[in-house]
Amino acid sequence: MAIALPIAEPRRRGACPTLEAPMPTGDGLLARIRVSDSRVTPAQLAQLADLAVTHGNGLVEITARGNLQVRGLTPASAAPFAHAVEALVTIERGLVIETPPLAGDDPEEIADPRPLATAIRQLSAPHADRLGPKVTVIIDGGGQIRLDALKADIRLTAVDAELWRLTSGGGPALLVGVGEASVRAADLLGRLAALGPEARASDLQPGTQHAPSPSPPPVGEHRCLSGSATGIALPFGSSDAAALSALAREAEVTGVTEFRLAPHHVLLALDAPPTFASTAAAFGFITDPADPRLRISACTGSAGCASGHIPARSVAARLAPHLPPGVRLHVSGCSKGCAHPRPADLTLVGNPTGYGLVFGGRAGDTPRMQLSDDQIESAIAAAPSLG
């Protein structure tokens, strides 16, 4: 008899879907997979895509933070899916510590963040199980792929080989040596754990937090200390499993040694041949850093969410050719704005009567304009002059 998995409660503050506790959405259960070190072989990626067809609805996502998600699982299929994934890749659990995907192999990084990540994980182990699932430590050694745009409870940024800038919540920035950095971070995590699983760094150090600045998605070519990495993006973070499986199998036969899951919905293909980008583009992936779709955030909308009023990703694809240069657009199925909680230059929000257009705000803000479906392309194209 199949054993049913626990279901994550989406309304509880700090709730996150996991492989063991998927979250209900409009198209079934959503499982998030934290792959250890964010590394998969082409064969593993192809098999994960195949599992998404066998057990889900065939949609695979890479989140803005570089995690895999599979949609459309059912109460009956979630446990077999989790068992199959566990047998295929190593799953990371516990405290979320994020480092750049090329950490230790980036010729431009100021310092390798991985030893510091290991030290913080070891020092915080006694209380890690009492931290909320969204509590996140970012350790950014600098380099070609920065993590500036990702929110963190504790952020450590390399200043030089031995000095790190530590920020947490709304507290002041501190310059600390590598040894002190791990001790201070572990102390902050211990204090958070003492407050309970819903606590975040802002509860310890209230104040105005630095708003993350947009950083470009790592699409295109990147140098490594050994070899190279080719970044390709999933349009609006989503791919059908057939395209992803085809890409992975093509990668395997053309000599790609590994994929790394990266922020901004990106896959980094290590040691890809020069023709790999054009192959990925033919499968529907984004390979041009100037592609306007990289400046659009979009949730699944009504195609996969009970709260959505519009099919946000298909609307986003319609609008991409009309997006003015340099403008960032958020297309949201409802006023919750899950795909982009921060303000955007333009936010198009689905509502029961059509679309609201917000200038310089969030999905929950009052729209400046109310639009019908046949007006959205012209409104987006003309938005800079209207704003």
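**Briefing: salt bridges, cores and a sheet**

Arg184 and Glu180 sit 4 residues apart in helix α4 (residues 178–195), so about one helical turn separates them. Their side chains form a salt bridge, with the closest N and O atoms 2.6 Å apart. The model is predicted. A search of the whole structure finds 17 salt bridges.

**Salt bridges**

- Arg184 is partly exposed, at 37% relative accessibility. Glu180 is also partly exposed, at 38%.
- Arg318 forms a salt bridge with Asp373, the closest N and O atoms being 3.0 Å apart.
- This pair links distant parts of the chain, 55 residues apart. Arg318 lies in helix α8 (residues 312–319), and Asp373 lies in the loop between β20 (369–371) and α9 (376–386).
- Arg318 is partly exposed at 30% relative accessibility, and Asp373 is partly exposed at 39%.
- Arg93 and Glu86 meet in a salt bridge of 2.2 Å, N to O. Arg93 is partly exposed at 41%, and Glu86 is partly exposed at 37%.
- A network of salt bridges links Asp27, Glu61, Arg71 and Arg313.

**Nonpolar cores**

- The largest nonpolar core has 41 residues. Ile33, Phe81, Val85, Leu267 and Phe276 have the most contacts inside it.
- Beyond its neighbours within four places in sequence, Val85 contacts Leu19, Ile33, Leu48, Leu51 and Ile91.
- A second, separate core has 24 residues, including Leu319 and Leu371.

**The sheet**

- An open sheet holds 5 strands in the order β3-β14-β15-β12-β11, with antiparallel pairing.
- Its edge strands, β3 (39–40) and β11 (220–223), each pair on one side only.
- Strands β12 (residues 228–233) and β15 (residues 266–270) are joined by 5 bridges. Ala229 has Leu270 in β15 as its bridge partner.

Key
Residues are numbered from 1 along each chain as its sequence is written. This is a predicted model: local features need pLDDT of at least 70, side-chain atom pairs count only at pLDDT 80 or more; totals for chains, interfaces and linings use all residues. Side-chain values use heavy atoms; hydrogens and water are left out. A nonpolar core is a set of buried Ala, Val, Leu, Ile, Met, Phe, Trp, Tyr and Cys residues joined through side-chain atoms within 4.5 Å. Buried means under 20% relative accessible area, exposed over 50%, partly exposed in between (1.4 Å probe, protein chains only). Contact means heavy atoms within 4.5 Å. Two strands pair if DSSP finds at least two bridges between them. Helices (H or I, at least four residues) and strands (E, at least two) are DSSP runs, numbered from the N terminus. A salt bridge is a side-chain nitrogen of Lys or Arg within 4 Å of a carboxyl oxygen of Asp or Glu.
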